[in-house]
Amino acid sequence: MNLSELYQEIILDHARRPLNRGELENATVTVPAENPSCGDELTLQLRVADGRIEDVRFTGQGCAICMASASMMTRAIKGKPSAEAGALFQQVHDGVQGRGEMPKGEISALGGVREFPQRVKCALLAWEALREALGLRKSSGGVVTTEEG
């Protein structure tokens with residue numbers, strides 16, 4: 001796989017016109033995240049009620065893969081039960097790292113990242129913020145980073 005294949009049209013489309021980008025009024029959870037190795041930064045905001053993600057938005061800046069991944073993630077989890085979003089996190093996390101199958105649909109476009117280890121952290125930044133937002137890992141009390149994997 002070469003770099004041009006990695007930046008498939010779906011990734012480029014989401015990077016150019018990301019969905020759910022902007023501030024979320026009445027967010028119940030806000031998680032800042034950064035990738036110090038490349039400079040990607042984003043803040044994920046969720047409005048969760050009765051175990052369901054009612055709305056989700058993100059702000060920030062980063063490479064095409066990071067922004068596309070955040071856009072695809074927000075589209076995939078909006079309106080879903082938190083447990084379903086958590087299961088999707090795990091599937092994407094494992095799939096991008098080459099330890100499992102990617103979910104079906106547009107998110108599968110991120111699967112090519114496994115061929116470029118330096119880009120895995122870019123693809124997972126928003127997902128790591130989601131994991132923190134859902135309480136699926138111990139809080140570090142600060143900004144989520146992808147340095148931990």
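Predicted model: local features only at pLDDT ≥ 70, side-chain atom pairs only at ≥ 80, totals over all residues.
Helices here are DSSP runs of H or I with at least four residues, strands are E runs of at least two, and both are numbered from the N terminus. On that basis the chain has five helices and four strands, in the order α-α-β-β-β-α-α-α-β along the sequence. Residues are numbered from 1 along each chain as its sequence is written, and side-chain values use heavy atoms, leaving out hydrogens and water.

**The chain overall**
- Of the 149 residues, 46% are buried (under 20% relative accessible area with a 1.4 Å probe, protein chains only; over 50% is exposed, and partly exposed lies in between).
- Take the contacts (heavy atoms within 4.5 Å) with a separation of 6 or more: 58% of them link residues 24 or more positions apart.

**Helix α4**
- Helix α4 covers residues 82–96, and its 15 residues should span 21 Å at 1.5 Å a residue, which agrees with end C-alpha atoms 21 Å apart; the expected span is 1.5 Å times one less than the number of residues.
- Its buried residues are Ser82, Ala85, Gly86, Leu88, Phe89, Val92, His93, Gly95 and Val96.
- An α-helix has 3.6 residues a turn, so residues three or four places apart point the same way.
- Those buried α4 residues pack against β2 (40–49), β3 (52–61), α3 (64–77) and α5 (117–133).
- Ser82, part of α4, is buried at a relative accessible area of 18%.
- Beyond its neighbours within four places in sequence, Ser82 touches Val48, Gly51, Arg52, Ile53 and Leu134.
- After α4 comes Gly98, with a positive phi near 80°.

**α3 against α5**
- These two helices pack at about 35° with axes 8 Å apart; axes are lines fitted to C-alpha atoms over the stretch in contact, and angles run from 0 to 180 degrees between N-to-C directions.
- On the α3 side the contact uses Ile65, Cys66, Ser69, Ala70, Met73 and Ile77, and on the α5 side Arg119, Cys122, Ala123, Leu125, Ala126, Trp127 and Leu130.
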